[in-house]
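Here are a few friendly notes to read alongside the model. Take them in any order you like.

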Amino acid sequence: MPRRRPGALRAARDLEPHRIASWQRDLPPIDRLSRTTSALVRNAEAARPGYHVHPGSVRTNLARYRAFLRLPGEKLRLPTSGCLSCPGCQYDDIAYVRDALQDALMLLPLPARTELRRLLDTLDTRFRRRTIPDRWSSRTDWLGESLPWWHRRVYTDVRGAE
Ligand SMILES: [Zn+2]
C-alpha cells in the first residue's frame with residue numbers, strides 16, 4: 001500500500017462521495033483506471049469541456065496512445081498529421097493525443113489526477129524508449145512557445161535523424 005498523506009485522504013473523502021453518483025460507479029472503468037477515477041474523468045469531461053477535452057476523449061486518447069505504443073518495430077517515428085487544424089486529423093499526430101491527455105489530467109481533482117498521472121508515466125516511459133529524441137526540433141505552438149517534450153521526437157517526415 002502506498003503511503004497517503006492525511007491531506008490526500010481528506011481530499012479524497014471530501015471530493016468523492018458528493019461528486020460521484022452511485023450509477024456512475026457502475027459504468028465500465030476507463031482503460032486501467034479505478035471506477036472512482038473513471039467517474040471523476042467523466043465528470044471533468046462533461047463539466048469543463050475544452051479544445052481537447054470532451055465526453056469520451058480520455059478513453060479514446062488512451063486507446064490511441066496504447067495503439068501507437070503497440071506498433072511493431074524497434075523505434076517508432078511519430079506520424080505527421082495531414083491537417084493539424086482539423087479536429088479529426090490532428091490526433092493522427094500522437095503528440096496531440098498526449099496533449100489532450102495532459103489537458104484532461106489538469107482538470108482532475110487530486111487523488112484522481114495522481115492515478116491518471118501514474119498511468120501516463122508508465123505509457124510515457126514506453127514512449128520515450130520507443131521514439132527518438134529530436135534535439136533540434138523547431139516545433140513551436142502558434143505563439144512560438146516551445147512544445148512539451150513529447151512533441152520533440154523524430155517524426156516520419158524528418159530525414160537522416162537516427
Ligand atoms: Zn482533416
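The points below cover how to read the model, a metal site and a helix.

1. This is a predicted model, in which local features need pLDDT of at least 70, side-chain atom pairs count only at pLDDT 80 or more, and totals for chains, interfaces and linings use all residues. Residues are numbered from 1 along each chain as its sequence is written, and side-chain values use heavy atoms, with hydrogens and water left out.

2. The zinc ion has Cys 83 (SG), Cys 86 (SG) and Cys 89 (SG) as its protein donors, at 2.2 to 2.6 Å. Donors are N, O and S atoms within 2.8 Å of the metal (3.2 Å for Na, K and Ca); water is not among the atoms, so sites may look incomplete. Along the sequence, the spacing of these donor residues reads C-x2-C-x2-C.

3. Cys 83 is partly exposed at 31% relative accessibility, and Cys 86 is partly exposed at 27%. (Buried means under 20% relative accessible area, exposed over 50%, partly exposed in between, with a 1.4 Å probe and protein chains only.)

4. Helix 3 covers residues 35-47; helices are DSSP runs of H or I with at least four residues, numbered from the N terminus. Because 10 of its 13 residues are buried, helix 3 is largely enclosed by the rest of the structure. Among the buried ones are Leu 40, Val 41 and Arg 42.

Technical notes. Helices (H or I, at least four residues) and strands (E, at least two) are DSSP runs, numbered from the N terminus. The expected span of a helix is 1.5 Å times one less than its number of residues.
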